[in-house]
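The sequence and structure come next.

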Amino acid sequence: MEGVNGSSFMKYGSFVSILVLILAYTFRTPPDAMLDDRLDNVLSSLLRAERKVGIDIRARPKVAIGFGGCVDLIVDGVSLMDEMGLSSTHQPLHHDSIENAQQLAQSFAYFFAPGAASERFVMNKTLFSELVETSRGLPGNRWAVGGNAPVMAGRMANEGCDVLLGGTFSPDFTEVLSQHIMVAGNVVEEPDIHLILEYPAGASWGPYTSRRANRYIVHSDDHNPYLDSMDDFAEKLQDFDPDLLVVGGLQMMDNFPFKPAERAALLSQLADMMSSSSAQTGIHFEMASFVDEGLMKDLLNLVVPNANSLGMNEQELPNLLSLLKGSNITVLSDPNPRVATVLDQMRELYSLLNQHHRAGDRGAASATGRRRLTRLHVHTLAFQAMIVTQGSQWKNTMSATAKASLTANRHVCGSPDIDPSKARLIMDDSFSVSRQEGSQRISVDESRPVSCWHEDDYQVCVAPVLVCTEVYQTAGGGDNVSAAGLVLQI
């Protein structure tokens with residue numbers, strides 16, 4: 001009798017659960033219904049914008065990407081800190097590099113609470129080995145192909161490009177790359193390992209709570225800082241004749257103990273390679289987390305002037321701008337900036353970098369031998385923003401901005417299909433185009449969510465991001481987003 005009554009109760013309970021769900025959907029509050037409808041409409045419109053432009057796979061664009069590569073070991077950051085016995089009571093403190101466990105805990109806390117991405121070199125090889133071994137034993141750890149260049153190469157190959165990849169890889173590493181990726185560089189038995197300490201929004205570590213999902217990366221590379229593959233890459237580059245050259249991974253040089261003048265010599269060689277490229281070849285430099293002021297100044301003198309496209313996130317933009325204006329490096333900036341703030345910073349960066357090159361041909365090397373910046377892409381958690389010079393070689397800016405936005409969700413959620421139930425819009429319904437008083441305010445149209453307009457000699461496009469709420473991985477997000485945006489513009 002008890003069995004019958006229990007079975008009846010379970011059937012009745014299931015019926016009630018279904019009824020509650022139906023009633024909740026039917027009588028959901030109007031604001032919830034409006035938010036769901038807005039999310040669906042924005043997604044559909046972004047997908048339409050992305051599909052307006054396609055790649056002819058019969059004539060795959062050719063992209064050359066350097067430098068470096070590694071194996072990423074991805075773990076939960078809080079779990080690793082706890083397993084290492086690192087106390088969360090340390091005062092949050094910035095360190096340019098990591099020499100001991102206390103500095104690691106202080107540095108992790110510094111970036112964890114605001115949810116800002118960061119990457120640091122670990123001077124202490126013994127500490128780094130201990131971190132790797134501890135990470136291997138953590139439940140849920142994952143291994144993945146890592147490094148800016150391989151990640152961007154993988155995205156571009158998947159999107160329809162043929163890629164020349166410059167890096168130092170192990171045989172096992174190259175076996176998992178796409179058949180559309182050709183490798184230039186040395187073979188090593190043991191690749192460099194990067195530890196990716198991921199954490200979700202709302203994660204807690206002692207008194208600290210993360211404002212957003214992000215990652216803290218540590219490495220102790222032996223190969224990548226020296227750009228080991230550059231000679232072989234430069235040699236193959238001539239015959240490959242790419243439509244686009246992408247340079248990234250230079251943050252591996254940050255605070256690395258080079259011998260005197262060694263780093264400058266490497267960057268001078270890189271500058272020579274970039275400057276010798278055809279004027280018809282677009283050159284993109286992907287920024288990263290830099291705190292070494294000497295390295296940043298070398299990049300401003302040798303690398304940035306030889307690129308006509310730049311990509312960066314909301315931390316890297318004010319960092320570069322601050323140094324360009326003669327101030328110090330900004331280690332930590334607002335991880336959730338307003339659209340108007342980012343657009344003003346982009347305009348200022350665009351103007352400063354081009355003020356000495358106004359006489360140069362658009363999209364080509366200027367009379368001084370330095371390239372004019374004609375494309376600037378900033379990717380943030382809430383939105384994508386692009387500035388593209390009118391009449392330059394970069395095309396399809398609206399569709400490229402939409403694709404970058406969609407790729408942000410696809411990568412972070414770990415799925416090519418976007419599920420609206422696992423996404424939310426955190427960008428406002430409208431935004432000011434500048435912080436200046438009286439600036440125009442633009443409403444985000446659900447049917448045309450990519451807002452584009454013309455200013456001065458360039459076009460500006462802004463697109464909302466469908467922020468993933470069930471995070472699979474944040475590491476590599478910027479590389480995937482930048483690569484996806486570039487694919488439609490070459």
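The torsion about the S-S bond of C413 and C468 is about 110 degrees, so this disulfide (a pair of cysteine sulfur atoms within 2.5 Å) is right-handed. C413 sits in helix 13 (residues 397-413) and C468 in strand 21 (residues 466-468), so the bond ties together parts that are 55 residues apart in sequence. Helices (H or I, at least four residues) and strands (E, at least two) are DSSP runs, numbered from the N terminus.

This is a predicted model, where local features need pLDDT of at least 70, side-chain atom pairs count only at pLDDT 80 or more, and totals for chains, interfaces and linings use all residues. Residues are numbered from 1 along each chain as its sequence is written, and side-chain values use heavy atoms, with hydrogens and water left out.

Searching the whole structure gives 2 disulfides:

| Disulfide | S to S distance |
|---|---|
| C413 to C468 | 2.0 Å |
| C452 to C461 | 2.1 Å |

In sequence order, the bonded cysteines of the chain pair as 1-4, 2-3. The link of C452 and C461 is right-handed, with 115 degrees about the S-S bond.

How covered are these cysteines? Buried means under 20% relative accessible area, exposed over 50%, and partly exposed in between (1.4 Å probe, protein chains only). C413 and C468 are both buried. C452 is partly exposed at 29% relative accessible area, whereas C461 is buried at 0%.

Finally, E175 belongs to helix 7 (residues 171-175) and is exposed, with a relative accessible area of 64%.
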